[in-house]
Amino acid sequence: MNEKNMTEGTIGRRSFMKRLGMAGVAVLPVGALLTSQTRANAAGFGHRLSKGDEAILRFLAAAELIEADLWTQYAELGGIGTNPPIELDPNQPLNNYQVALSNLDSDGPQYITSNTLDEVSHAAFLNAFLDSRGAAPVNFDEFRTLEGSTATGSSGIKRLTNLMQLNVDTSWYTRYRSATNPDFGTTFPQAVTLNGVTAIPRTDADFGSTDPNFNVPGNAHIQAIANVAGFHFGYIEQGGSSLYAALSQKVSDPEVLQITLGIGGDEIAHFLEWVDFSGNAVQQPVAPFTDSISGVTFPDFFNNPPLQPASLVQPSLIFPVPCEFISPNLPHVSIIRPLTDRFGGAVATINSFIADGLFIGQPKAFTELLLDMAAEADQAQREA
């Protein structure tokens, strides 16, 4: 880690965050946007949905509730306006998590808060729309049983998801830099190995030293946690991008298609930001470094690429590289991929979340419910 450059950058960002920290948008709990009044105010009350469209929207509502839950955890600890990094109270620990996220992008805490509000709005809208069409909205409150972080800033509420024992699939990073397509059967190597790691500070001890400089022992650990989060952000949002695109192909009702295309486009916008964000974790001045506590290593991909050709991990390639599509006889084209059920559909999404470790601690009944909902969504067919 280039500690001198990181320290200098931190000072400027700390001043910036101090000016803006309390002016940010507060993160609202998901439940606050899912009240009966919210649903009652949904416009339209149109004709009943087809079985397939209802299954698709119910699964998407479920996925958005999961995303809203995990993003709320990120926002509580790393978002702007929720837990400023300045030591306003000398008895409170310094929130070096926000500082470490700001080392990847000075606007990172704002992006985290904005992404969180987007996902909360997606869940609220989908449930309200389902209700307006006479379909049952999705409610997972009975499964909000997991303990989250106890670090300063955490609300302490029970969670749906676990961000503290992740196995982050980073193959999305190499996939979008490859000219091959997973829908044609191609597999992709991991860009960074991230197994059994936390993406949020678990306790105040993970914040590191009260010294804001990154050249003091312990502060590399919180930077590693922030770097893990950066790759996890990209993993979550690339999955949403493929999921909405895959399910849009099955929709029958034009209004439902409008919803899947509209929200799906927002998921793609999120993904492109986190592609750039995660790339900053594997180049100077942040990388290279190894966290002595977790053992996780982040190489400098520009000067010591872990894979060849080096373009597979080039940080500055933030847009999808053109790849094969529809037929190998057609020219390569830049697209979101995968687009098929097998790799990007609902069941694939839940299986990926399970492998990620998001549901560690949840009863089997929860994952079985999600897989049943996912299977119904994947089985939907466009009606004439």
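Where is the place of Pro-338? Select Pro-338 and you'll land in the loop between strand E4 (297-298) and H9. Bear in mind as you click around that this is a predicted model.

**Stop 1: the loops**

Now pick Ile-326, which is found in the loop between E4 and H9. Look at its backbone: phi of Ile-326 is near 70 degrees, a positive value in a residue other than glycine.

Next, jump to Ala-287 and Pro-288, where the peptide bond is cis and omega is near 10 degrees. Pro-288 belongs to the loop between helix H8 (254-279) and strand E3 (289-290).

**Stop 2: H7 and H10**

Select residues 219-248 for helix H7 and 346-356 for helix H10; their axes come within 10 Å and cross at roughly 165 degrees. An angle over 145 degrees counts as roughly antiparallel, so that is how H7 and H10 lie to each other. Show side chains to see who makes the contact: His-232, Tyr-235, Ile-236 and Leu-243 from H7, and Ala-346, Thr-349, Ser-352, Phe-353 and Asp-356 from H10. Colour these by class and you get five nonpolar residues, three polar and one charged. As for handedness, the crossing of H7 and H10 is left-handed.

**Stop 3: the largest pocket**

Colour the lining by class, and it divides into 10 nonpolar, 10 polar and four charged residues.

**Stop 4: H3 and H11**

For the last stop, select H3 along with helix H11 (residues 364-378). The two axes come within 8 Å and cross at roughly 140 degrees, which makes H3 oblique to H11. This crossing of H3 and H11 is left-handed. Zoom in on Ala-55, Ile-56, Arg-58, Phe-59, Ala-62 and Ile-66 in H3, which meet Leu-370, Met-373, Ala-374, Glu-376 and Ala-377 in H11. What classes are found in the contact of H3 with H11? There are nine nonpolar, no polar and two charged residues.

Technical notes:
Residues numbered from 1 in each chain as written. Predicted model: local features only at pLDDT ≥ 70, side-chain atom pairs only at ≥ 80, totals over all residues. Heavy atoms only, no water. Axes fitted to C-alpha atoms, helices over the stretch in contact; angles between N-to-C directions. Helix = DSSP H or I, 4+ residues; strand = E, 2+ residues; numbered from the N terminus. Parallel < 35°, antiparallel > 145°, perpendicular 65-115°, else oblique. Left-handed = near helix turned anticlockwise from the far one by under 90°. Contact = heavy atoms within 4.5 Å. Nonpolar A, V, L, I, M, F, W, Y, C, P; charged D, E, K, R; others polar.
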